[in-house]
Structures are given as C-alpha cells and as structure tokens.
Amino acid sequence: MKDVDILITAPLPSFLREPLEADYRCHDYAAASDKEALLRDVAPRIRGLVQGGGTVTPTTLLDALPALEIISVFGVGYDGVPTGYCRERDIKVTNTPDVLTDDVADVAVALILMTSRDFIGANRFVREGHWTRRSPALTAKLSGRSVGIVGLGRIGKAIAQRVEAMGMNVAYTGRKPQDVAYRYVPDLATLAGDVDFLVIACPGGEATRRLIDARILAALGKKGTLINIARGSIIDETALVEALANGTIRGAGLDVFENEPHVPQALLAMDHVVLLPHVGSATRETRQAMGDLCKANLDAWFDEHRTLTLVPELG
Ligand code: 8YV
C-alpha cells in the first residue's frame, strides 16, 4: 500500500476499484452521502483523483484539494476536467486513449448499419412472426454512400477505415487537413451538405459545444443521417429533436446524450432514431484495458520512475 490518498469521484467497476484499493487509501466521493463531511475529513491529504470520462469536475472541488497532484480519467474524453485550471496549478491530467478506439469505431459502424438496414425492425419482424405471412420491407444500400467525419482523430480514423472497407466514400472536417487519402472539407456545413452520414467523432468541451445546430442539420438535410459516438454536448439536442420531428434530416444514431442517462422523451417514440446507452467502449476487454491504464497512469506518477503520458493540453 502506497502512502497516498485518492479521491474517487465516479462509480468505478470492481476491476479498477479493487486494484486501486489494494495500492492506495481510496475515498469514495461518488458514493458518499455526506460529501462535505468526507471532504472535511480527507481533502487536505488527497494527492490523486480518479474520475470517469463523463464526470464533470468543478474547480470548486479542486479548490478544496490543495495537495492534488494528478487526475487520472477512466476514459478517453476529459472534457469534464478544467484543463486550464489544472495547468495553472500544475495538476497532471491523464486519460485512456488508444485502448478503446476500435470498440468505439465499431459502434459508429453499427449505428450506420442500424439506421440504414433497420436490423432492429428486422429482428422484431422475425420474433413477432410476421415473416411467415409477408416479406420484410426493403432498406437502403450502404456501399457507394458517403460518410463525413467530424474530427479525424484516432477514433475518426478507425471509423474511416471501417466504412471505407464497406465501400463507402469518406470525407472529413477538422481544424486542419491531414496526410490521409480522404477528402478534406474545411467547412462543417459544406461537409454536412455533401454527405449521407455525418459522424461526430471530435472531443467534447467548450470548443465543440452545440457545434451541430439547426443550421448544420438543415445542411445535412433529408438525405442525411446524424451519428454521434462522441459527446452529447456537441449536438443541440432541442434542434435535433425538431429536425427529426419535422423530417429535416433522415434519421439519427446516437450513443451519447447531453444529460445522460436521460434521453429526450421525444426521441423515445421515433422509429427513425437508434438509441444506445453510451456503450462505445463497453466491452469487458476494453473496459479492463481502460481500468489497467487508468491505474498505471497513477502508479507512473506516484512511483516516480515511469513515463507519464499527459493529455495533449498538458503534455
Ligand atoms: C466511458 C467515454 O463510458 O472514454 C470515454 O470518454 O465516454 C466512455 O468510454 C467512460 O469514460 C467510462 O467512465
């Protein structure tokens, strides 16, 4: 056991919580009924904080932790971490990139398939016994169609590879063109207007908040389907509900939402929307790898002899 106190601010799976508890004095802020009392007790001693990808860490909490040295995020997204504040206080921030890239990209492809080939409806059709009486409805072919990726990072590239293998055409937008074979479209509205599927794969946070608004949805238009495997904050959900209700866009496949686990009521009743409960990285293998990396990042810092890979803003 290291002589280090850690604050845990999100519910963690046992395969991460137990190894943490074996090596650190862990204080479960997420589960504490009296959070103020817990802080009064342990705050001055806390040197590490573990949170989830979607956890929002307010600066007021960090203000209460004067000895904090590192935040280790159990997730690739660290949009809930105030990185500017952490830079000022020289608090290290680490996350779990790479290990979840393939799984998240798989979910983007699944949403493209489900929103186009209607496998959910087809599955229901067999189970409800309709097949013995009639043929299933025809759906839409994917090869030859186009995919526009917003944010060609590690996950965006893994999605591009997959849909290219399916015979789809890939274009992308982002801050700058990259050395890739896909077509770069600098303007988001132009990309939305050009493609059949607009796939959101950029980081969340202030820079991308409500990036997909009514104007972009109008550009995507009736031929277009919106896929989001990134963060709910990137889409103006009210505008999305309106665009789906009015037929402004063709449909949507969503793994993430603004106020998880709450999904706008209106979406629940829509057949042209596929809804998943944020399962991008939710395989046993990947969550284990994320947990191992989340702890390894803490160990690297507190053992002081291993290299620490920080998030880009603090690297
Ligand atoms: C996880 C995620 O659900 O990695 C992320 O940023 O959003 C997801 O993989 C989450 O991080 C678990 O804490």
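**Salt bridges and a pocket in a predicted model**

The side chains of Glu69 and Arg47 meet in a salt bridge, with 2.5 Å from N to O. Glu69 lies in the loop between α3 (59-63) and β4 (70-74), while Arg47 belongs to strand β3 (residues 46-52), so the contact ties together parts that are 22 residues apart in sequence. Arg47 counts as partly exposed, at 24% relative accessibility. The structure containing this pair is a predicted model.

A search of the whole structure finds 17 salt bridges. One of them joins Asp23 to Lys295, whose closest N and O atoms are 2.7 Å apart. This pair links distant parts of the chain: Asp23 sits in helix α1 (residues 14-23) and Lys295 in helix α12 (residues 284-303), 272 residues apart. Asp23 is partly exposed, with a relative accessible area of 23%, whereas Lys295 is buried, with a value of 12%. Both residues also belong to a network of salt bridges that links Lys2, Asp23, Lys295, Asp299 and Asp303.

A further salt bridge is formed by Asp90 and Lys92, with the closest N and O atoms 3.0 Å apart. Lys92 has a relative accessibility of 17% and therefore counts as buried, the limit being under 20%.

Attention now turns to the second largest pocket, which holds about 630 Å³ of space. The elements giving two or more residues to its lining are α5 (101-117), α6 (119-127) and β12 (273-275), and α6 gives the most, with seven residues. The pocket is lined by 27 residues, of which Arg117, Asp118, Phe119, Gly121 and Ala122 lie nearest its centre. By residue class, the lining of this pocket divides into 13 nonpolar, seven polar and seven charged residues.

Conventions. Residues are numbered from 1 along each chain as its sequence is written. This is a predicted model: local features need pLDDT of at least 70, side-chain atom pairs count only at pLDDT 80 or more; totals for chains, interfaces and linings use all residues. Side-chain values use heavy atoms; hydrogens and water are left out. On a 1 Å grid over the protein atoms alone, a cavity is a set of points where a 1.4 Å probe fits but cannot get out, and a pocket is an open set with protein on both sides within 12 Å along at least five of seven lines; lining residues have an atom within 4 Å of a point. Grid points are joined across faces, edges and corners, and a volume is the space filled by probe spheres set on the points. Helices (H or I, at least four residues) and strands (E, at least two) are DSSP runs, numbered from the N terminus. Ala, Val, Leu, Ile, Met, Phe, Trp, Tyr, Cys and Pro count as nonpolar, Asp, Glu, Lys and Arg as charged, and the others, Gly among them, as polar. A salt bridge is a side-chain nitrogen of Lys or Arg within 4 Å of a carboxyl oxygen of Asp or Glu. Buried means under 20% relative accessible area, exposed over 50%, partly exposed in between (1.4 Å probe, protein chains only).
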